[in-house]
Amino acid sequence: FVNDRGFYLRTGNYIYHSAPNQKAPFWEKEIFPDERSNIAAGKSGIFAYDYDYGQFRKRINGSGEWSPVFENFQLKGIIDVFETSRSTVFIVCDRGRGLFRSTDNGKNWKEVNRGVWKLIESNGVLMANSIKGIIRSTDDGETWETVISEGGVGIDIAPIDGGFAAITFNAQSETRRVRASYDGGKTWQAIDAGLPPSMKISSIIQVGDYFFCGHPNGIYRSGDKGKTWKLLLPSIEGKVFNLSVSGNVIYAIPRNEGC
């Protein structure tokens with residue numbers, strides 16, 4: 001994952017960390033609790049968890065110790081952990097099992113939605129990808145409303161200056177559409193008129209005054225908020241780039257096309 005502290009990569013029994021905006025690549029290495037297979041960013045640290053059985057641990061920022069957390073959460077199929085600015089924690093379960101919320105450091109959990117996989121937060125508003133499209137919450141995840149629904153699922157959601165950008169699948173056109181919102185996710189405008197139509201667009205981010213989009217053709221950039229787009233980097237071996245940003249650094253990970 002990528003956050004404001006840089007790029008984190010888990011492989012084998014180690015976590016590698018590269019701080020943002022370094023002139024040359026440099027990786028710090030630390031031992032990872034190897035019975036866990038996944039990592040997720042929290043506001044106060046890093047969560048480690050196992051997909052099948054949870055077994056959550058947390059490492060506080062600035063600490064090298066991993067401590068058990070959420071020991072009473074027993075569901076399987078864990079795909080993500082998310083922590084809000086108010087320290088509310090969400091556990092995302094796979095295959096429609098549910099989105100669970102805790103406001104007391106994991107002592108108690110409440111299911112608040114289903115079919116959700118990626119959450120983000122900006123200016124007190126939560127947004128998420130779901131099987132319904134893009135959903136939104138303004139009460140720290142207690143309740144949710146659908147804000148983009150085109151017969152397909154939400155593909156990606158990202159914060160931008162003054163709002164959010166999102167990618168959804170339109171079932172009628174059988175393409176993925178890219179949109180932006182500048183009123184906290186209430187209304188959305190298309191920003192993909194200059195992009196070749198595709199059902200495999202993967203990600204959208206903003207860096208400075210530019211939007212960047214991961215597309216099957218490669219990485220596109222727009223300097224006019226999506227009115228026009230220019231291809232910067234062609235695709236590699238038929239893969240599509242998933243884009244993330246930390247500071248002014250863009251990380252582009254080539255992955256197989258599709259979900």
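In this predicted model, 13 aromatic pairs are counted. One of these pairs is formed by Phe 7 and Trp 27, whose geometry is edge-to-face, with 5.6 Å from centre to centre and 85° between the planes. The two residues belong to distant parts of the chain: Phe 7 lies in strand β2, Trp 27 lies in the loop between β3 (14-18) and β4, and 20 residues separate them. Phe 7 has a relative accessible area of 10% and is therefore buried, since buried means under 20%. Trp 27, at 38%, is partly exposed, because its value falls between the limits of 20% and 50%.

Phe 7 also pairs with Tyr 251; the ring centres are 4.7 Å apart and the planes stand at 40°, so the pair is tilted.

Phe 47, Tyr 49, Phe 56, Phe 70, Phe 73, Phe 100 and Trp 109 make up one aromatic cluster. Charged side chains also meet aromatic rings. Lys 29 lies over the face of Tyr 14, at 4.1 Å from the ring centre. In a second case, the charged end of Arg 221 sits over the ring of Tyr 210, with 4.3 Å to the centre of that ring.

Strand β2, which carries Phe 7, takes part in an open sheet of 4 strands in the order β1-β2-β3-β4, with antiparallel pairing. The edge strands of this sheet are β1 (2-3) and β4 (28-31), and each of them pairs on one side only. Strand β2 covers residues 6-11 and pairs with β1 over 2 bridges. Within that pairing, Asn 3 stands opposite Gly 6 of β2.

A second open sheet of 4 strands has the order β9-β10-β11-β12, and its pairing is likewise described as antiparallel. Its edges are β9 (78-83) and β12 (110-113), each of which pairs on one side only. From one strand to the next, the twist averages 30°. Strands β10 (residues 89-93) and β11 (residues 98-102) are joined by 5 bridges. Phe 90 has Arg 101 in β11 as its bridge partner.

Strand β6 (residues 45-50) and strand β7 (residues 54-60) are connected by 5 bridges, and the two form a hairpin with 3 residues between them. Strand β7 is also joined to strand β8 (residues 67-68), here by 2 bridges. This hairpin has 6 residues between its strands, and Gly 62 in the turn has a positive phi of about 85°.

| Residue | Bridge partner | Strand of the partner |
|---|---|---|
| Ile 46 | Arg 59 | β7 |
| Arg 57 | Pro 68 | β8 |
| Phe 90 | Arg 101 | β11 |

In a regular strand, side chains alternate between the two faces of the sheet.

Key:
Residues are numbered from 1 along each chain as its sequence is written. This is a predicted model: local features need pLDDT of at least 70, side-chain atom pairs count only at pLDDT 80 or more; totals for chains, interfaces and linings use all residues. Side-chain values use heavy atoms; hydrogens and water are left out. Two strands pair if DSSP finds at least two bridges between them. Axes are lines fitted to C-alpha atoms, for helices over the stretch in contact, and angles run from 0 to 180 degrees between N-to-C directions. Rings of Phe, Tyr and Trp (its six-membered ring) pair if their centres lie within 6.5 Å; planes under 30 degrees apart count as stacked, over 60 as edge-to-face and the rest as tilted. Buried means under 20% relative accessible area, exposed over 50%, partly exposed in between (1.4 Å probe, protein chains only). A charge sits over a ring if NZ of Lys or CZ of Arg is within 6 Å of the ring centre and within 35 degrees of the ring normal.
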